[in-house]
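Me: I have a structure open on my screen and would like to walk through it with you. Could you take my questions one by one?

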Amino acid sequence: MYLFHSFSSSEAFILVVMAYDRYVAICRPLHYPVLMTPQTNTVLTTSAWLTALLLPIPAVVQTSQMAFDIIVHIYHCFCDHLAVVQTFMGFCITMVVSFLPLLLVLLSYAHILTSVLCINSQEGHSKAFSTCSSHLLVVGTYYSSIAIAYVAYRADLPLDFHVMGNVVYAILTPVLNPVIYKLRNKDVKAAITKIYLKSYTC
């Protein structure tokens, strides 16, 4: 439980760091080399990982101190905190991990959108879109799966729905991430275009 929540929390905080990186790259391009130094990147990444490693501890400690019967059946695909015990603390931690990073990401993209609308050239628009597209896809996949997995706990839905939501959240999103980011690679794009054109001409 601790490892799962630590890694999922780290993904949320890393997405915030990446959103900030794109904000600086688009909104303050001339200051980018000064603001996003290797030292700054190290501090931001380390902070994201430390927060992710520390945040799940209270919920895991609380769960480990619970008294269970000799045999316990959890209708789930893994030992999730909200599947074991739905407490206010667990729900608060989930909200901090889910909605606070989302708020920061949306704030970054609000500034990015404002800056992009001020750009007159079509080339500038396409360059900004190219910079943000992969990150936006990952953010959309990550938070839509969280909405299905965790917000659904407060609704009166079948247990199968919760399990499938968590499968999407736990497996599908991490599998899609490298695929989405590889699409930005020029060699991968060229190979996909070549395959598409070859199949189209045949």
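Reply: Happy to! Helices (H or I, at least four residues) and strands (E, at least two) are DSSP runs, numbered from the N terminus. This is a predicted model, where local features need pLDDT of at least 70, side-chain atom pairs count only at pLDDT 80 or more, and totals for chains, interfaces and linings use all residues. Residues are numbered from 1 along each chain as its sequence is written, and side-chain values use heavy atoms, with hydrogens and water left out.

Me: How far apart are the end C-alpha atoms of residues 159-180?

Reply: UniProt, in an unreviewed entry, places the feature "transmembrane region" at residues 132-153 and 159-180; such annotations may be inferred rather than shown by experiment. The span 159-180 is 100% helix and 0% strand. Its end C-alpha atoms are separated by 30 Å.

Me: Which residue forms a salt bridge with aspartate 21?

Reply: A salt bridge is a side-chain nitrogen of Lys or Arg within 4 Å of a carboxyl oxygen of Asp or Glu, and a search of the whole structure finds one. Aspartate 21 is buried, at 19% relative accessible area, where buried means under 20%, exposed over 50% and partly exposed in between (1.4 Å probe, protein chains only). The closest N and O atoms are 3.8 Å apart, and the partner is arginine 22.

Me: Is isoleucine 112 buried or exposed?

Reply: Isoleucine 112 belongs to helix H6. Not counting residues up to four places away in sequence, isoleucine 112 touches Ala19, Arg22, Tyr23, Ile26, Cys27 and Cys132, contact meaning heavy atoms within 4.5 Å. Isoleucine 26 is 86 residues away in sequence, yet 6.5 Å away in space, C-alpha to C-alpha. Because its relative accessibility is 4%, isoleucine 112 counts as buried.

Me: Which residues does serine 108 contact, leaving aside its neighbours within four places in sequence?

Reply: Serine 108 also sits in helix H6, residues 88-117. Its relative accessibility is 11%, so serine 108 counts as buried. Its contacts are Ala19, Tyr20 and Tyr23.

Me: Which helix gives the largest share of the nonpolar patch?

Reply: The patch covers about 740 Å² of surface and is made by Leu3, Phe7, Trp49, Leu50, Leu53, Leu54, Ile57 and Val61. Helices H1 (2-27), H3 (38-54) and H4 (57-64) each give two or more residues. Patch members have over 30% relative accessible area and no salt bridge, with nonpolar side chains (Val, Leu, Ile, Met, Phe, Trp, Tyr) joined within 5 Å and like charges within 9 Å; areas come from the Shrake-Rupley method with a 1.4 Å probe. The largest share, four residues, comes from H3.
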